[in-house]
Structure formats: C-alpha cells, structure tokens
Amino acid sequence: MRSDVATLPGSPERPNEDWVAAALPASGGGGTIVLLDGVTPPVGDDGCVHTVPWFTARLGGSLTELSASRRDMPLPEILSLAIRRTADAHRDTCDLSHVRTPQATVVLARWDETSVEHLVLSDSVLLLESPDGAVRAVLDDRLDRVPDEILRSLAATDRLRNRAGGFFTAAADPAVAGRAVTGTSPRAEVRALAALTDGASRWVELFGEGDWTDCFGVLRKEGTLGLLHRVRTLEAADASAGGTRRWKLHDDATAVLVELGVG
C-alpha cells in the first residue's frame with residue numbers, strides 16, 4: 001500500500017481548518033483514512049472559546065485512533081463516540097447547543113483483507129476505484145439540494161443546519177452519525193481510494209474540468225499536490241474573469257490518495 005497526502009490553506013492569513021490522517025499498518029493488512037473539513041463560522045458568536053482547528057484536531061485524532069484500533073466497532077459507532085469525546089472536552093466551557101458550535105464534514109474509510117467500509121457526512125467526497133479503472137463517488141448531497149438563495153442568508157442556513165430536511169455535519173450531537181452515508185465494498189472490488197474536501201473537489205464540482213474518473217487520473221499521474229495546484233490555477237483564472245463561480249476565492253483544500261493494490 002502507498003499513501004499520498006497534500007493540503008493547502010485557503011488564505012495565509014487564516015489557519016487551515018482541514019484535517020487528514022492515513023494509518024497504514026506495517027503488516028499491510030489494512031488501514032484507515034480520516035478527512036475533515038472544518039466549517040468556517042461567520043463573524044459573530046458561536047458559543048465556543050475554541051477555534052475550528054482545535055475542534056478538527058480533537059475529532060480527527062479520536063476518529064483515527066478508534067478506526068485503527070477498534071475494528072469491532074462499526075464506523076457510525078466510531079463517529080458517534082468520537083463526537084461525544086470531543087464534546088466532553090469542551091462542554092464545561094462552551095455552549096454546545098449553539099447552532100454554529102464548531103463542526104466539520106467527515107470522510108472515514110477503513111479496509112482489511114476482505115472489505116472496505118466507508119462513511120461520508122456532508123460535502124466532502126470519497127472516491128473508490130475498481131480494478132478495471134471505474135471510479136465511484138460516495139457523496140452526501142443534502143447540502144447541494146439547498147437553494148443558493150437560502151445559503152446566502154445566515155439565518156435561513158442556520159435553520160437547516162443539522163435539522164431534518166436540511167443538511168448535517170459533525171458538531172456536538174453524537175446522533176448525527178446515524179445520518180451519514182455508509183456502505184461496505186468487497187476488498188477485491190477496490191484497487192485504490194481517495195478523499196477530497198470541497199476545496200479540492202472544485203476541480204470537478206465547480207469548474208467542471210472533468211468527471212470523477214478524470215480526477216482520479218490526475219491524482220495518480222500528478223499526485224495530490226498536483227490536483228490542488230490545478231484548482232488554485234483555475235481559481236486565479238476565475239478571479240481574473242470576475243469570479244462569479246465560487247463563494248470565496250480560495251478554500252482550504254485537502255486530498256488523500258491510497259493505493260491498495262489488487263485484492
């Protein structure tokens with residue numbers, strides 16, 4: 001197995017709020033990847049004294065430890081416990097009931113000799129490549145279903161945040177793990193996998209430079225950093241043309257690629 005990871009901050013003036021880890025045991029028998037995209041809160045109170053990077057580091061660290069060491073636990077149970085642990089770390093100092101309490105999107109994948117498990121919550125993406133080169137994208141598209149006119153209003157967006165009929169992120173409620181998109185694939189049907197935060201998936205989803213199979217090809221040929229540099233080039237060109245296709249010039253962008261080989 002081989003892993004390749006890259007991340008770029010959206011702005012040099014702000015900390016990178018993404019978080020990524022790949023754990024590959026020396027035996028080569030399995031592993032796990034964890035990818036989080038911290039949700040940047042709007043200016044104003046969010047009820048928490050901690051930063052988003054503090055939150056993603058706590059949640060990501062717990063997810064990595066549990067998914068790598070507790071193979072008896074299903075991924076939704078792991079996410080639920082990791083959220084509870086993180087909430088316990090700051091419930092005495094912060095208002096965790098606040099709708100904008102620190103939160104993140106989640107991609108979690110774990111594999112062994114027989115199967116590949118996955119969990120996706122919110123708008124990061126997991127790509128699974130089969131031995132014949134076909135690529136399947138695992139997506140949670142609930143945020144994409146929210147009309148742009150609603151997303152332009154903070155109050156309207158808050159009314160749909162972690163609510164039935166809206167969209168879900170990992171925040172302080174462990175029950176949100178039950179809302180994640182989950183599944184299991186036979187190990188023999190997955191040759192490689194990749195995970196992208198929405199800052200990296202812009203290459204497909206915002207700029208339409210290719211489909212997910214094309215994106216996987218870029219990752220394999222140019223590496224994760226090559227894909228991120230392509231996104232930055234497209235963002236700069238878009239800005240020169242008036243910048244009408246994205247909410248902000250740059251976003252934190254993170255990608256991880258793991259080659260599993262033939263199962």
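User: Which residues in α5 meet which residues in α6?

Analyst: First, a word on what you are viewing. This is a predicted model, where local features need pLDDT of at least 70 and side-chain atom pairs count only at pLDDT 80 or more, while totals for chains, interfaces and linings use all residues. Residues are numbered from 1 along each chain as its sequence is written, and side-chain values use heavy atoms, leaving out hydrogens and water.
Helices (H or I, at least four residues) and strands (E, at least two) are DSSP runs, numbered from the N terminus. Contact means heavy atoms within 4.5 Å. Here Gly199, Ala200, Ser201, Arg202, Trp203, Val204 and Glu205 in α5 meet a set in α6 that consists of Trp212, Asp214, Cys215, Val218, Leu227, Leu228, Arg230, Val231, Leu234 and Glu235.

User: At what angle do the axes of α5 and α6 cross?

Analyst: Axes are lines fitted to C-alpha atoms, for helices over the stretch in contact, and angles run from 0 to 180 degrees between N-to-C directions. The axes of α5 (residues 198–205) and α6 cross at roughly 105° and come within 9 Å. The two helices are therefore roughly perpendicular (65 to 115 degrees; under 35 is roughly parallel, over 145 roughly antiparallel, the rest oblique).

User: What is the strand order in the sheet that begins with β1?

Analyst: Strands of a sheet pair through backbone hydrogen bonds, either parallel or antiparallel. Two strands pair if DSSP finds at least two bridges between them. This open sheet of 5 strands reads β1-β10-β9-β6-β7, paired antiparallel. Its edge strands, β1 (2–8) and β7 (135–138), each pair on one side only, and the twist averages 15° from one strand to the next. Within the sheet, β6 (residues 125–129) is joined to β9 (residues 192–196) by 5 bridges, with Glu129 opposite Ala192. Helix α6 (residues 212–240) lies across β1, β6, β7, β9 and β10 (253–259), at about 140° to β10.

User: Where is Thr254, and is this residue buried or exposed?

Analyst: Thr254 is in strand β10. Buried means under 20% relative accessible area, exposed over 50%, partly exposed in between (1.4 Å probe, protein chains only). At 0%, Thr254 is buried. Its side chain makes a polar contact of 2.6 Å with that of Thr7 (a pair of N or O atoms within 3.5 Å; within protein, one must be able to donate a hydrogen and the other to accept it, and residues adjacent in sequence count only if both atoms are side-chain atoms).
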